[in-house]
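Q: I have a model open and want to learn how to read its features. Where do we begin?

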Amino acid sequence: MSDRLSGTVNILVPVGALGVGVREKDLDAGIAAGAHAIALDAGSTDSGPAYLATGKSKYSRGAIKADLTLLMKAQAKAGIPLLIGSCGTSGCDMALDWTADIVREIASELGLNPKISLLYSEQRAEDMLSREGAITPLAPITDVETAAFEACEHIVALMGPEPYIAALEAGADIVLGGRTTDTAVIAAVPLMRGAGAGPSWHAGKIAECGGQCTANSRDGGVMIRVGKDAFEIEPLSQTNRCEPYSVSAHLLYENSNPTRLLEPGGVLDVSAARYIAVDDRVVRVEGSRFEVAPYTMKLEGASRGDFQTIMLVGICDPKVLAQIDLFVRQMHGLLCSRVDAAMGKAAGDYHISLRPYGWNAVLDDPVPETEPQPREIGLLFVATAASQEIATQIAKTCNPAFFHMPLRPEFELPSYAFPFSPSEIERGQVFEFRLNHVVAVADGLERVRIVHEFIEEAEHA
């Protein structure tokens with residue numbers, strides 16, 4: 001099969017997340033191949049609640065600036081819009097402003113005057129709680145608790161494509177979005193320019209992680225070409241390829257149902273989709289449908305919590321390694337008893353966990369008796385308490401037993417290997433996701449604030 005779709009809307013997705021390393025050659029290849037826009041994601045909840053609770057970026061400022069510099073040069077050279085969703089990892093207002101400051105800095109350094117639109121999707125707890133009947137919990141949460149909303153440092157509502165379209169229609173060259181669904185930021189321009197809703201949303205989902213849908217996920221980004229009834233996807237690198245398997249498999253990524261994907265304003269249904277190899281590098285997808293539904297926006301919120309201090313030892317003792325689960329249970333009991341005896345009520349409502357890395361610390365499933373004994377394990381101690389001082393005192397109280405406890409009392413006193421001195425490491429405050437809800441809205445613009453920074457217009461005013 002060699003015929004290609006015509007009259008498509010072409011979106012260059014250079015990388016799966018801003019800050020992981022945009023390649024200039026991929027941008028050049030995509031623009032030369034007829035890209036109408038550059039779109040990519042910059043955030044996620046994958047790495048836990050700390051980034052939303054604090055408003056800080058997971059990736060370094062240097063990494064973000066390096067990628068943005070390449071993207072802004074490409075945008076200015078090609079004269080096509082640049083769309084970035086979920087800025088600063090969490091997409092809260094603080095994170096969006098942080099990203100915008102970097103964009104302004106780059107524009108000044110490069111002598112550029114882009115028209116920038118900022119899309120804010122952070123919500124106030126009191127505004128959400130006043131919307132009686134508009135908020136619905138998602139499993140496993142079963143209710144809408146006032147305390148959970150009020151405890152959140154930041155609450156964000158995941159945007160759909162409508163705010164991006166509004167910004168582009170207002171003339172923006174660069175659109176920086178707050179928290180957005182990964183799919184929406186990529187689907188926005190195809191939807192705006194009249195491509196089919198099913199192909200637009202499906203293409204956005206497939207391309208959300210850049211080259212993850214290719215045979216070699218580390219070899220650059222992708223181009224999607226979206227038409228009325230189908231879309232095509234191809235890698236930007238000439239040494240990479242898309243295959244029906246690699247493309248279709250991406251619907252399993254972060255999605256509980258491989259044929260239906262919930263988005264703001266509807267559901268993408270790919271149950272009838274067909275994945276066709278156009279050639280050895282390009283895949284065409286047909287049969288995607290988008291079912292319009294009442295518009296809802298998912299809410300994410302995170303709060304600050306207790307404090308943690310950790311310790312780590314390496315254990316090579318063959319007696320311990322032969323009975324790791326018994327050893328960990330015994331040590332946990334001993335450590336808790338030691339804290340209760342030495343600190344009493346001063347320890348407060350504390351928690352100690354032991355995680356034997358190298359032996360089931362990740363899976364935490366029953367281990368078959370036939371499993372071979374490991375050569376060594378790293379045992380991680382985590383004390384959680386109401387203050388950093390208490391967490392550290394708990395660690396110091398547990399240190400002798402954590403360092404020397406034998407498997408059995410009659411055994412000689414062992415020594416395990418501390419890799420650091422001091423042995424206790426203060427992790428600081430820990431954080432917690434508090435919300436997993438949706439809020440019903442009239443349309444995709446209702447809970448979003450759009451701010452335009454059209455520098456050229458300001459200079460002529």
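A: Begin with a pocket. α12 (324–343) and β17 (351–357) each supply at least two residues of the lining of the second largest pocket. Helices (H or I, at least four residues) and strands (E, at least two) are DSSP runs, numbered from the N terminus. This is a predicted model: local features need pLDDT of at least 70, side-chain atom pairs count only at pLDDT 80 or more, and totals for chains, interfaces and linings use all residues. Residues are numbered from 1 along each chain as its sequence is written, and side-chain values use heavy atoms, with hydrogens and water left out.

Q: What counts as a pocket, and which residues line the second largest pocket?

A: The search uses a 1 Å grid over the protein atoms alone. A pocket is an open set of points where a 1.4 Å probe fits, with protein on both sides within 12 Å along at least five of seven lines; lining residues have an atom within 4 Å of a point. Here the lining is Ile324, Asp325, Val328, Arg329, Leu354, Arg355, Pro356, Trp359, Asn360, Ala361, Asp364 and Asp365. α12 gives the most, with 4 residues.

Q: What is the volume of the second largest pocket, and what classes of residue are in its lining?

A: The volume is about 240 Å³. That is the space filled by probe spheres set on the points, with grid points joined across faces, edges and corners. The lining has 6 nonpolar, 1 polar and 5 charged residues. Ala, Val, Leu, Ile, Met, Phe, Trp, Tyr, Cys and Pro count as nonpolar, Asp, Glu, Lys and Arg as charged, and the others, Gly among them, as polar.

Q: How do I read a nonpolar core, and which members of the largest one touch the most others?

A: A core is a set of buried Ala, Val, Leu, Ile, Met, Phe, Trp, Tyr and Cys residues joined through side-chain atoms within 4.5 Å. Buried means under 20% relative accessible area, exposed over 50%, partly exposed in between (1.4 Å probe, protein chains only). The largest core has 58 residues, and Ile11, Leu83 and Ile233 touch the most other members. Helix α8 (residues 182–192) brings the largest share of this core, 6 residues. Apart from it lies another core, of 32 residues, including Val320, Cys336, Ile352 and Ile377.

Q: How do side chains sit along a strand, and which way do those of β7 point?

A: In a regular strand the side chains alternate between the two faces of the sheet. In β7 (residues 154–157), His154 and Val156 point one way, Ile155 and Ala157 the other, and all are buried.

Q: Which strands pair with β7?

A: Two strands pair if DSSP finds at least two bridges between them. Strand β5 (residues 122–123) pairs with β7 in the antiparallel sense over 2 bridges. Glu122 has Val156 as its bridge partner. β7 also runs antiparallel to strand β16 (residues 296–315), joined by 4 bridges. There, Ala157 partners Leu299.

Q: Backbone angles next. Where are the cis peptide bonds?

A: Look at omega. Pro140 is in the loop between β6 (135–137) and α6 (146–151). Another joins Ser421 and Pro422, again with omega about 5 degrees.

Q: What is the phi of Ser86, and is Ser86 buried or exposed?

A: Phi is positive, about 55 degrees, although Ser86 is not a glycine. Ser86 is in strand β3 (residues 82–89). Ser86 is buried, with a relative accessible area of 0%.
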